[in-house]
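Work through the exercises below with the structure in view. Try each task before reading its solution.

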Amino acid sequence: MIGVQELLTSVEVGMILGVVAIGVFTTFKTINFADMTCDGSFVLGAAVTAVLIRGGLNPYLAILVSMLAGGMAGALTGILNIRYKIADLLSGIIVAYMLYSVNLMIMSNSPSITFMDRSTIFSSSSMPAIVVVTLLVASVTCMMFSSFGLKLRAVGYNRQFATTHGIDVDRMTLLGLALSNAMIAAGGSIFSQFQGFCDVSGGFGMLVMGLASIIVGTNILPFKREPLLILSCIVGSIMYRIFINVALHSDACGIKTQNLNLVTGIIMIIIMMMKGGVRRNAKAK
Amino acid sequence: MLKLSKICVRDTLRYLDLSVAEGERVLVIGGNGTGKSTLFGVISGRVKPDSGSIVVDGLDMTTIPECRRTHVISSVLQDVKAGMIEEMTILENIRLAYMRTGSNKVSREHIETFKDKLSTFGMNLENRPREYVKNLSGGERQALSIVMATSADYKLLLLDEVTSALSQKMSELVMSSIDKITSAEKKTCLMITHDMRYVNSFGDRTLEMKDGVLWEVSRL
């Protein structure tokens, strides 16, 4: 059985990784761009933070610098797609692939660096991290309600409409990718501070985790308006973490930690099947 | 205001000339395949003519970029779905249409103007600003598309078969509302239709498209 402490840790990790889910949501849902940069930009945020905190920089400033680095990675994916007409999927894969080497360079060619002895946003309590995550979520939600967010969503829903209504689709796509990867890097930064170390392969599976959180959140919560769906990402991420923890701690099923990917996939399939069943029943009525 | 000179598009338009004065409302009629929609495509920039010139409000439409063209010409297409985002609300669609001319702020005053225009159609759309477009009927969508087209400043309004998919009652409602909005705003308007009921009633003059050119139709 899962204990109270493990449950609280799941909520905490779910909140932090919810920021990554928001980043994934911004590209996959808002601007309708299959961006694979995520796994690379997550570690980029973590690596930049680890190096800066070890160098004595304020942990909050480290998050901002990480976001800037993540934004630049996202913008590079956008430039490859818009300027050089490389397919969205491929441009993201190329940048994520290159980021592995960049991250190693940032970490002075060491696959893992620790900074547990340094001051982070988790040093006193988890409250500063909760405030940072809340600020990030509130900023993106407000942005989605603004004219900029409206244009961003218009690009995702109907590019032809956006063009005929004077919206610069390429510029919006670029900004959307930069915003998304800045959020993912922020998630990486906060997560590395939570762990007290950064691992160069720590981003593996982050994209799937982000998508799983979106699927859990948007299918379970009743929000319809897109700006509010951002909140679903956070709640979805927390619920996903709890599901995973419960599944891995249920001895009866014989599930072990190494079965994490299998469990993640099964959770996603079950939720989508349940949603499909509800839709079919509604249609039958 | 609008001046087309010697427009040729393959075999559809043959040295077509057209002049429309500022504030004038012109109805264009004609059978299927006569080139009415091609004419609208040429004016709005969607169809590139083989030869000839298109000048709207002193601007050569063949040379200005698409994003600037939307500042001058506003259009309502036959396929209303292409002109709005179904996954957004009525208000969000109108805000996007308003931002077409580069303005980002939509004031309360503007929203009241949009609501006034929506109320012209008598469909209670003005009281449902947060309704999703996907939940609207065909007539309601057409009303919204007309309000969207007239929400921002424009010089020329193009209306392409706006009543073709509507019932007779709904067509009459939409046409009378278009008449009210366009005459109140005193904007130049070009409308094409199959519906011969409006030949003598809508706008200032009627033209018939035949053999790739326009002919003046005398009104009763």
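**Exercise 1.** In this predicted model, find out how many of the nine residues of helix α3 (residues 90-98) of chain B are buried. Then say what covers them.

*Solution.* 
Step 1. Count the residues with 20 or more other C-beta atoms within 10 Å of their own C-beta atom. Eight of the nine residues pass, and α3(B) is mostly covered.
Step 2. Name them. The buried residues are Ile90(B), Glu92(B), Asn93(B), Ile94(B), Arg95(B), Leu96(B), Ala97(B) and Tyr98(B).
Step 3. Look for the cover. In chain B it includes α4 (108-120) and α5 (138-149). Chain A takes part too, with α6 (147-157).

**Exercise 2.** Describe the contact between chain A and chain B.

*Solution.* 
Step 1. Count the residues on each side. Chain A gives eleven residues and chain B gives 15 residues.
Step 2. Helices α6 and α7 (159-164) of chain A each supply at least two of its residues.
Step 3. Sort that side by class. Four residues are nonpolar, seven are polar and none is charged.

**Exercise 3.** Give the strand order of the open sheet in chain B. Why do β2 (13-20) and β5 (59-60) of chain B each have a side without a neighbour in the sheet?

*Solution.* 
Step 1. Read the order. The four strands run β2-β1-β4-β5, with antiparallel pairing.
Step 2. Check the edges. β2(B) and β5(B) each have a single partner strand, so one side of each lacks a neighbour in the sheet.
Step 3. Look at one pair. β1 (residues 2-9) and β4 (residues 51-56) of chain B pair over five bridges. Ser5(B) stands opposite Ser53(B) in β4(B).

Terms used
Residues numbered from 1 in each chain as written. Chains lettered and ligands numbered in written order. Predicted model: local features only at pLDDT ≥ 70, side-chain atom pairs only at ≥ 80, totals over all residues. Buried ≥ 20, exposed ≤ 12 C-beta atoms within 10 Å, placed from the backbone. Contact = placed C-beta atoms within 7 Å. Nonpolar A, V, L, I, M, F, W, Y, C, P; charged D, E, K, R; others polar. Pairing = 2+ DSSP bridges.
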